[in-house]
Amino acid sequence: MGRSVHRWMAMRLCYLLLVAVTAFNEEPPPLNLKTWMQSTSPQDKFEALVARPLNSASDAVNEKVDTFLQRVAAVVEEHDRKKSIEALQQMATNIRLLLQEVVPELLHGRDNSSAMDIDTRPSNRSQATYAQKVLLKLQTYSAWAWPVIIEYTRNAYDDEAITPEIQARMERGTDGSLSYLSSVLVYAWKAAEFQFPVVEAMMEKNETSGETLMKAGCAASYAQLLGDITEMYGELSDSKLQCFLNTTNKTHWKRCAFDATNSLQRVTSAIAQAANAMWQCFGIYWGCSQLMNTAYSQLVKAMVASEEMSDNCNEETHNICKPFAFKAMGALSQAAGQMSSASQDCDIKGGSQDSPLNPYAATPFEKREDAPKVDAPTP
């Protein structure tokens, strides 16, 4: 009897081990995102609306970069030039397909995160308040521009045909961009003028203190922002004159797609630079926005590189094609890292607390009379 009991217990233990191993190997059931999004918990909302899209995009990019790098390595060793060209052309197309998938996830995460929050401590007449509103305006523009630009680019480079619908949409988008961004350009110039006294005072003192270095960084950030926005505005103006003529052909379409993508890359880079300037100039932390838009800028940079690959991966310019492939891989890898960091460092939109202010800010903002006090970090 005792032996039977022992045998039964041994069989029962084996069964439990089998169930445990099977359960370990099975994928967990999918999370109910709808429930999470309806949750009142900020952490649940952040997980559903920000972290999961960002991590999904980051994982997809990392997986594809591994595949792309293997193909590039094979191309380097390939002695058949025709096969090498075909492989690089296909890779350029696959990069754009990847970006068409992951950029919307990044934008979904960004636009539901603290990257869209304004610090309400500055007074309404403060330069800091206006600067934050301009930064939000640029982020709104960059989200609106992406679907138009990626569709036009895919049509121009991968389908080699521009439909009348996307042509009209691109024309409306260009006109709207010029109108929408004109106020941003005016602000960039006024902001640069606002920094002239800061630079002059800095030159007179000739110091290397933390405050002086922060002022130098602030002035440099504004100069970079001004340059990016001005060049982008000029490129959009040129594209309006050159891209939408009745005589346009495949060459024109590709050139217009390249110019539009390059302009978007300037905008996203300018947003990241402006987010950094918030800290240097006004002492306001916009670190989430800087992470998100740096990732966005790198993804768009990868698309520019993919267009360069499509333009140069041919018999005549084969030798200059491969560097653009490596440039795309580098940009994609950086974007994946930035998205992963943002999933940990950001908060849900409207859920973040006021951050400590930068004690070395170049031009500290004028506070609202009822602004809450937050201790600055120790210098």
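Predicted model: local features only at pLDDT ≥ 70, side-chain atom pairs only at ≥ 80, totals over all residues.

Reply: Start with the largest cavity. Helix H5 (127-159), helix H6 (164-205) and helix H8 (250-282) each supply at least two residues of its lining. H5 gives the most, with five residues.

Me: What makes a space like this a cavity, and not a pocket?

Reply: In a cavity, a 1.4 Å probe fits but cannot get out, whereas a pocket is an open set of points. The largest cavity holds about 130 Å³ of space. The whole structure has three cavities of 30 Å³ or more.

Me: Which residues line the largest cavity, and of what class are they?

Reply: The lining has 13 residues, with Tyr141, Ile149, Met170, Ser177 and Leu236 nearest the centre. Nine are nonpolar, four are polar and none is charged.

Me: How does the lining of the largest pocket divide by class?

Reply: That lining has seven nonpolar, nine polar and six charged residues. The pocket has a volume of about 350 Å³. Of its 22 lining residues, Asp117, Tyr285, Ser352, Gln353 and Ser355 are the closest to the centre. H9 gives the most to this lining, with three residues.

Me: Why is Ser84 called buried?

Reply: Buried means under 20% relative accessible area. Ser84 has 1%, so Ser84 is buried. This serine is found in helix H4. Leaving out residues up to four places away in sequence, Ser84 touches Val75, Glu78, His318 and Lys322.

Me: How do you know that the length of H3 agrees with its number of residues?

Reply: The 36 residues of H3 should span 52 Å at 1.5 Å a residue. The end C-alpha atoms are 51 Å apart, so the two agree. H3 also has a kink of about 40° at Ala51, shortly before the proline Pro53.

Me: What span does H10 reach, and what is expected?

Reply: Helix H10 (residues 322-345) has 24 residues and reaches 35 Å from its first C-alpha to its last. The expected value is 34 Å, and the span is close to it.

Me: Which residues of H10 are buried, and what covers them?

Reply: The buried residues of H10 include Phe324, Ala328, Leu332, Ala335 and Met339. Their cover includes helix H3 (42-77), helix H4 (81-111) and helix H9 (287-312).

Me: Why do residues three or four places apart in an α-helix point the same way?

Reply: An α-helix has 3.6 residues a turn, so residues at that spacing point the same way.

Definitions and conventions. Residues numbered from 1 in each chain as written. Heavy atoms only, no water. Helix = DSSP H or I, 4+ residues; strand = E, 2+ residues; numbered from the N terminus. Expected span 1.5 Å × (residues − 1). Buried < 20%, exposed > 50% of the residue type's maximum accessible area, 1.4 Å probe, protein only. Contact = heavy atoms within 4.5 Å. 1 Å grid on protein atoms, 1.4 Å probe; cavity = no way out; pocket = protein on both sides within 12 Å on 5 of 7 lines; lining within 4 Å. Points joined across faces, edges and corners; volume = space filled by probe spheres on them. Nonpolar A, V, L, I, M, F, W, Y, C, P; charged D, E, K, R; others polar. Bend = angle between axes of the 7 residues up to and from the residue.
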